[in-house]
Amino acid sequence: MSAPHPHEFDLFVIGGGSAGVRLARIAAGHGAKVGIAEGRFWGGTCVNVGCVPKKLMVQAAEYGEWAKDAAAFGWSLGEASHDWPTLVRARDMEVARLSGIYSRLLGGVGVQTFECHASFTGPHEVKVGDRTVTANRIVIAVGGHPIRPEIPGAEHALISDDLFTLQERPRRVLMIGGGYIGLEFANMLHNLGSEVTLAYRQQLPLRGFDHELREMAAASLAASGLTILPGETPAEITLNGETRVVRMASGKVVEADAVFFATGRAPSTRGLGLDAAGVNCAEGRAIAVDDDHATNVPHIYAIGDVTDRVNLTPMATAVGHALADTLFGARPRRASYENVPKAVFISPPMASVGLTEEEAALRGPVEIYTTRFTPMRHTVTRRTDRKTLMKLVVEAGTGCLLGAHMLGEEAPEIMQGIAVAVVNRLTKAQLDATIGIHPTAAEEFVTMRVATRRVGEGAAKAA
C-alpha cells in the first residue's frame, strides 16, 4: 500500500475571526502545522465591525446619560455636548490595536498567516492569493455578513458595518430591525443625540428572549424617547434630495437622513468554492455539520456563524477551542450549545441564560420568581425609563434553576455570575442559601423567596 499523500499543513483555517484564530492558535500549541487565511481583517466581525466597537459606542452614549443624571446628585456640569469625530478616532484606535493583537498571537505560536481571500480548488486544496496549499484537515470559519431586504431603493440604506465608517452622526435615523443589532444601534444613536425611529415587523422586539423581558425592553426604549413602530416593514425607499423617504407596507411614510437595515445576517459561503471540495450547504447557505462540526466531507469542518447555529462570538470561540483539542490535543470534547448566556446592550441592558418562561412551561410545571424595582440611583434621579426586572425559572419539585433573566443596569455583568448556577444546575435553595451583597441589585437574585406564579403542563392540577 502506498504512503498517504503528504500535505503542506496539518490544518488550514479559512477565516481569521474569533473562531478561526482560536482554533489555529490552540492547534498550533498542540504541535500541528497550521496555516490560516483572512481576506478582510483579523479578529473578524466582532473585533472590527461588531461587539467591540459597538460596546465602545454604547459606553460613549452612557456618559451622556450619566451627565444628565449628575444634577440630581448635586453636580453642575454645564450643557453636555458630544463630538463624534473624537469618539470615532478613539474607537478606531482600539479596534486597530485589538486586530493587531490577533495577528501577533498567531505569529507567536508559529501559525503561517495569509492576508488574502481563500477558496477551495479540491477536497484538500485551497487557493490563497496566487498559490495553492494543501492540508490534511481544513476548517471553514468565515462567519457571516449583514443582508439587505430586496425592496426598491434598498441601495439608499446602510447596513450595520456602515455605522463604523460614518464620519458624522446622522441627525435623523430610521433603524429597521427588532433584533440585537437594531435595538443596540437605535438606542446608542439616540443617546448620542440622533432622533431615532425604530421599526420592526413583530409586535415585540428580540424574538427568542423571554416574553416578559421583551415587553419591558420595548416599553423602556419608548420611555427613553425613541419612536417605536411595531408591526412595520419597509416596502420602498426613495430620495428627496439628501432625505431618505421610506414607505412602509402599511402605507406609513418615514423620512430620515440615514436608514439602517438590521434585518438579519447570512453565512458568508459564496466564493469559497465549496463545490470543488464537495461540501454541502443547508438552507440559507449555512454549511451543514454534524455534532462534531464535520461537514459531509470528513476531513473538512465548519465552525462559527457560517454554520448558523448560535451566532455569538464566545460560542464560536469555544467551538474552535474544542475542535482543536479534539483533532490535535488528544482530548475529544464538544462545546455545549445549551444554556449559552447572552446580552443586549441597550440602556438599561438585558441579559439571559437558560430557558425562557415560555420554553420551560412546555416541560412544566415550573415556578416563576420575579421582582421589579427602581434601582437605588434612580430613586434620586426620578427617571422612569430605568426600571429593573429580574426573573428566575425554577423546575417545580426539584427546585433546579432552568433559566435566569434580567433587564436593568449591569445586567450582563450580573448574569455572567448567575449563568454559572444555571449551567451547573444549581437549585433555588442553593441560591437562597447565598448571602447577598448589600446594597446591590444583584442581591435580588438570592432574596426572591416567594414564587410569583406557577405555569406549565399539569401545573394547575399539581397546585
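Which side chain meets that of Arg453 in a salt bridge? In this predicted model, the partner of Arg453 is Glu357, with 2.8 Å from N to O; a salt bridge here is a side-chain nitrogen of Lys or Arg within 4 Å of a carboxyl oxygen of Asp or Glu.

Residues are numbered from 1 along each chain as its sequence is written, and side-chain values use heavy atoms, with hydrogens and water left out.

The chain holds 13 helices and 23 strands, assigned as DSSP runs numbered from the N terminus (helices H or I, at least four residues; strands E, at least two). Of its 463 residues, 50% are buried, where buried means under 20% relative accessible area, exposed over 50% and partly exposed in between (1.4 Å probe, protein chains only).

In total, 27 salt bridges were found in the whole structure. Glu357 lies in helix H9 and Arg453 in strand E23 (residues 453-455), so this pair ties together parts 96 residues apart in sequence. Glu357 is buried at 11% relative accessible area, whereas Arg453 is partly exposed at 27%. Glu357 also forms a salt bridge with Lys391, the closest N and O atoms being 2.7 Å apart. Lys391 belongs to strand E21 (residues 388-395) and Glu357 to helix H9 (residues 357-361), so parts 34 residues apart in sequence are tied together. Lys391 is buried, with a relative accessible area of 0%.

Technical notes
Predicted model: local features only at pLDDT ≥ 70, side-chain atom pairs only at ≥ 80, totals over all residues.
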